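The following exercises concern one protein chain, and each is followed by a worked solution. Please consult the sequence and the structure while working through the steps.

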Amino acid sequence: MTFFPRPIFAICLLLGSYTCFANAQAEDNLQFSGFARVVMGYLDDSNAEYAGYDDSISLGEQSLLGLQADYQFNETLSITGQLVGHTNERRESGLEWLYVTYKPSNAFQVKLGKQRLPFFNYSDSLDVGFAYPWLTLPKQFYETSFFSTFEGLLANYEFPVSVLLINLEGYWGYYDDDIYSPDGGVETKVTGLFGFNTSVTWKNWNARASYNQGNTELTLLSASQFGEQLRQVGFERSADWLDPNGLIQFYQFSVNYEDLNYFLRSEIAKMEGESGMVPDIDSFYVSVGYNFYPYTIYLSYSKRDLYYDHPENEIPFGVSDQLNALAGGYVAVTNGFLDDKSAGTKVGIRWDWRSNVALKAEATYIDADEKISGDFTLRDLGNFDGSAILYQLGLEWVF
């Protein structure tokens, strides 16, 4: 069994802080809220790892505690801070949000500071499992983005047009932090980060479309040094492929439906990277469910197609030992970037035990190519045949 790793200390610290701050709630302008989840999972295959789970029972991959404080200075100005403690060592515990909101009217607001990137439908509630029906968000889709926060400015305007409710949102900022990879953290900077999205609501239907882009700089010393060697001897195209820096563009579209009994959730996305080392990713999910309070049952299917632009080797073999070494090294590096396709089919049930507490059970069948890219969603530990089932139980709580 896998027990809670060191980040549990951060959760204990947050609990202690919450107790101390609770006395301050008598101040009307200061409000506290929070969320927590305890998730247990088991993967039925010893040859793979999926979303951090393997063939031992684990509580440490998705369990967390979040605390949020909101202070209202006046009718138009407020500040929000959020701390999250993760049991997953691949996610850093600490400050998740810290931003100021200026809201001159009910229709328009501006946020400045550290906040969520509005890539997806559930960007604002990635860690708040109570906010969505599934126990685990569709991984083949929601792992398309390698980071989820930014520092900058976000503006939102909502207005009605006849029977439609239209929401317009745009943001600009930057990201400067490590992102997780199986080989360790990668120092990442994203400048010129901006995007916009539009959503339209009609009766029980909602449609949303977004566009996002940023100039990415990844600190990958070995790739950069090898690329510089190639550039010095004139192999510009190969050196360009190994340059980890470049523009990344991200597109998203979704359609959702919900009434008292049934719901439909669907999103589709495409990511395109300018660097050869950054893959292009096509992904989508569709999920249907039935509500019979206090229970909800659902079925979901998600798929991801990850692929690289594999250039032909321009470095000749057989001319000299030096060129043989460069060509062999280049082929070895590029062969390590594998295309892969993976899909997840999940079935689950949610029980709203209390108005703020939900219990969930979920099983996810993973179907992937035998050769996979080895990213942080699905990893081949040796002799993986591409199929596995993840079983999960979870408790979701908001307060």
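**Exercise 1.** Determine whether S283 is buried or exposed, and describe its surroundings.

Solution. 
Step 1. The relative accessibility of S283 is 1%. The model is a predicted one, and this value is computed from it. Buried means under 20% relative accessible area, so S283 counts as buried.
Step 2. S283 is located in strand 13.
Step 3. With residues up to four places away in sequence set aside, S283 touches Q140, F141, T144, E267, I268, A269, K303 and R304.
Step 4. One of these residues, T144, also makes a side-chain to side-chain polar contact with S283, at 3.1 Å.
Step 5. As a distance check, the C-alpha atoms of S283 and R354 are separated by 34 Å, and the two residues lie 71 residues apart along the chain.

**Exercise 2.** Classify N291 by accessibility and identify the residue whose side chain it meets in a polar contact.

Solution. 
Step 1. N291 belongs to strand 13, which spans residues 280-292.
Step 2. Its relative accessibility is 15%, so N291 counts as buried.
Step 3. Leaving out neighbours within four places in sequence, N291 is in contact with E258, D259, L260, N261, Y262, F263 and T296.
Step 4. The side chain of T296 is the polar partner: a contact of 2.9 Å joins it to the side chain of N291.

**Exercise 3.** State which residues form the nonpolar surface patch and which strand gives the largest share.

Solution. 
Step 1. The patch consists of Y262, Y290, F292, Y295, I297, I349, W351 and W353, and together these have about 730 Å² of accessible area.
Step 2. At least two patch residues come from each of strand 13 (280-292), strand 14 (295-307) and strand 15 (340-354).
Step 3. Strand 15 gives the largest share, three residues.

**Exercise 4.** Give the number of salt bridges in the structure, and explain what the pair K346 and E362 ties together.

Solution. 
Step 1. There are 13 salt bridges in the structure.
Step 2. In one of them, the side chains of K346 and E362 meet with an N to O distance of 3.1 Å.
Step 3. K346 is in strand 15 and E362 in strand 16 (residues 357-368), so this pair ties together parts that are 16 residues apart in sequence.
Step 4. Both partners count as buried, because K346 has a relative accessibility of 5% and E362 one of 4%.

**Exercise 5.** Describe the salt bridges of D352 and E396, and name the residues that salt bridges with shared partners join into one network.

Solution. 
Step 1. D352 pairs with R350, with 3.0 Å between the closest N and O atoms. D352 and R350 are each buried.
Step 2. E396 pairs with K360, and here the closest N and O atoms are 3.5 Å apart.
Step 3. This pair links distant parts of the chain, since E396 is in strand 18 (residues 387-398) and K360 in strand 16, 36 residues apart. E396 and K360 are both buried.
Step 4. The network is made up of R91, E96, R116 and D127, joined by salt bridges that share partners.

Notes
Residues are numbered from 1 along each chain as its sequence is written. This is a predicted model: local features need pLDDT of at least 70, side-chain atom pairs count only at pLDDT 80 or more; totals for chains, interfaces and linings use all residues. Side-chain values use heavy atoms; hydrogens and water are left out. Patches are made of residues with over 30% relative accessible area and no salt bridge: like charges are joined within 9 Å, nonpolar side chains (Val, Leu, Ile, Met, Phe, Trp, Tyr) within 5 Å. Accessible areas come from the Shrake-Rupley method with a 1.4 Å probe; for residues, only the protein chains shown count as cover. A salt bridge is a side-chain nitrogen of Lys or Arg within 4 Å of a carboxyl oxygen of Asp or Glu. Helices (H or I, at least four residues) and strands (E, at least two) are DSSP runs, numbered from the N terminus. Buried means under 20% relative accessible area, exposed over 50%, partly exposed in between (1.4 Å probe, protein chains only). A polar contact is a pair of N or O atoms within 3.5 Å; within protein, one must be able to donate a hydrogen and the other to accept it, and residues adjacent in sequence count only if both atoms are side-chain atoms. Contact means heavy atoms within 4.5 Å.
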